[in-house]
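This briefing is intended for a reader who has the sequence and the model at hand.

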Amino acid sequence: MGNVTSSVAARFAFFPPEPATYEVFPERGGEEGRLRLSGLAPEKNVEVRVVETKAGNRVVATFWRHPAARFTLLYSHGNAADLGQMLDLFHELRAHLRVNIMSYDYSGYGASTGKPSEFNTYCDIEAVYDFLKKEYGVKQEELILYGQSVGSGPTLHLASQLHNLRGVVLHSAILSGIRVLYPVKVTFWFDIFKNIDKIRLVNCPVFVIHGTADDIVNWTHGKRLWELSKEKYDPLWIKGGGHCNLETYPEYIKHLKKFISAMEKLYAKQAKQSSQPPSAITEVKHNKCLRFRK
């Protein structure tokens, strides 16, 4: 019974575009082993990679490099899109936010192999994060996780395990899979993407963005996730915004830039503190140990 219920919940969660909106192929006349994405003009600052997960799937990832970036955004997209539909947005985010962007398709989405499932999305984001560390040298302190809609699931899964992240952005996020369908008050064992529980384990600033007219995931999901965050960043409630159009509102990019700027200031402050003499650092650590949690 439990497996059946979980399977039903999964069907509500995953809607990969069929057919995929892009293809991956070797780049002609370029560096050996270099890949191209159809629909993406040749550009030296975008790299197409294929990453293998512990579940045995091969997921497609794109790394959008900005020459002046201090941070990297690890972007987990919504449930009815694949990378081919996100190219224009990544161009805009990279230009306006001045960040690197690592985006990827879940197993069963786009040109990624396997089948979409909650477990596979967790394997997907873990593999892409490990790839970011090993291939690009990205540290937790330089990483911001961005989860849109269903993408909030893998985002909070990873964020709950990493304790030195720079920040998390939750865009039209869900409290859990079942809660999108029914306003339940308790978390059932067969529910998927239990964000309502995992948000409590996130130790970095959390920026929540949600449309007040979202008719797919009610804005109260975002409101509750923000309330449960340990380190709350001022949320953005876009008046009249729906589930799939928040990027079209001018306040969207304006507030994202503000958030990135705040994270840069925090990064600089922490870097300055870490350069203090050993005695001062010891004292700061000692004081932190004396703070008891309620």
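Two residues are said to be in contact when heavy atoms of theirs lie within 4.5 Å. This is a predicted model, in which local features need pLDDT of at least 70 and side-chain atom pairs count only at pLDDT 80 or more, while totals for chains, interfaces and linings use all residues. Residues are numbered from 1 along each chain as its sequence is written, and side-chain values use heavy atoms, with hydrogens and water left out.

**Overall make-up**

- The protein chain contains 9 helices and 11 strands; helices (H or I, at least four residues) and strands (E, at least two) are DSSP runs, numbered from the N terminus.
- Of its 294 residues, 47% count as buried, where buried means under 20% relative accessible area, exposed over 50% and partly exposed in between (1.4 Å probe, protein chains only).
- The accessible surface of the protein chain is about 15100 Å², and 53% of this belongs to carbon and sulfur atoms; the areas come from the Shrake-Rupley method with a 1.4 Å probe, and for residues only the protein chains shown count as cover.
- Among contacts in the protein chain with a separation of 6 or more, 68% involve residues 24 or more positions apart.

- Helix α4 (residues 152-159) is largely enclosed by the rest of the structure, because 8 of its 8 residues are buried.
- The buried residues are Ser152, Gly153, Pro154, Thr155, Leu156, His157, Leu158 and Ala159.
- Their cover includes the strands β5 (72-76), β6 (100-104), β7 (143-148) and β8 (167-171), together with the helices α3 (118-136) and α6 (195-198).
- The axes of α3 and α4 are 9 Å apart and meet at an angle of about 55°; axes are lines fitted to C-alpha atoms, for helices over the stretch in contact, and angles run from 0 to 180 degrees between N-to-C directions.
- The two helices, α3 and α4, are therefore oblique to each other, given that angles under 35 degrees count as roughly parallel, over 145 as roughly antiparallel, 65 to 115 as roughly perpendicular and the rest as oblique.
- The crossing of α3 and α4 is right-handed; a crossing has this hand if the near helix is turned clockwise from the far one by less than a right angle, and is left-handed if anticlockwise.
- On the α3 side, Thr121, Tyr122, Ile125, Glu126 and Tyr129 meet Gly153, Pro154, Thr155, His157 and Leu158 of α4.
- By class, this contact has 5 nonpolar, 4 polar and 1 charged residues; Ala, Val, Leu, Ile, Met, Phe, Trp, Tyr, Cys and Pro count as nonpolar, Asp, Glu, Lys and Arg as charged, and the others, Gly among them, as polar.
- Leu158 of α4 has a relative accessible area of 3% and is therefore buried.
- Beyond its neighbours within four places in sequence, Leu158 is in contact with Leu74, Ile125, Tyr129 and Leu145.
- The C-alpha atoms of Leu158 and Glu126 are 6.9 Å apart, although 32 residues separate the two in sequence.

**Helices α2 and α8**

- Helix α2 (residues 87-97) and helix α8 (residues 250-274) have axes that come within 10 Å and cross at roughly 50°, which makes α2 oblique to α8.
- Leu89, Leu93, His96 and Leu97 of α2 make the contact with Tyr252, Ile253, Leu256, Lys257 and Ile260 of α8.
- This contact of α2 with α8 comprises 7 nonpolar, 1 polar and 1 charged residues, and the crossing is right-handed.
- Ile260, in helix α8, counts as buried because its relative accessibility is 4%.
- Leaving aside neighbours within four places in sequence, Ile260 touches Phe71, Leu97, Val99 and Ile144.
- Val99 lies 161 residues from Ile260 along the chain, with 8.8 Å between their C-alpha atoms.

**Loop residues and backbone features**

- Thr53, in the loop between β3 (46-52) and β4 (58-64), is buried at 5% relative accessibility.
- Not counting residues up to four places away in sequence, Thr53 touches Val59, Cys123, Asp124 and Ala127.
- Glu18 and Pro19 are joined by a cis peptide bond, with omega about 0°; Pro19 belongs to the loop between α1 (2-13) and β1 (24-26).
- Ser149, in the loop between β7 and α4, has a positive phi near 55° in a residue other than glycine, and is buried at 5% relative accessibility.
- Ser172, in the loop between β8 and α5 (177-181), has a positive phi near 50°, again in a residue other than glycine, and is buried at 0% relative accessibility.
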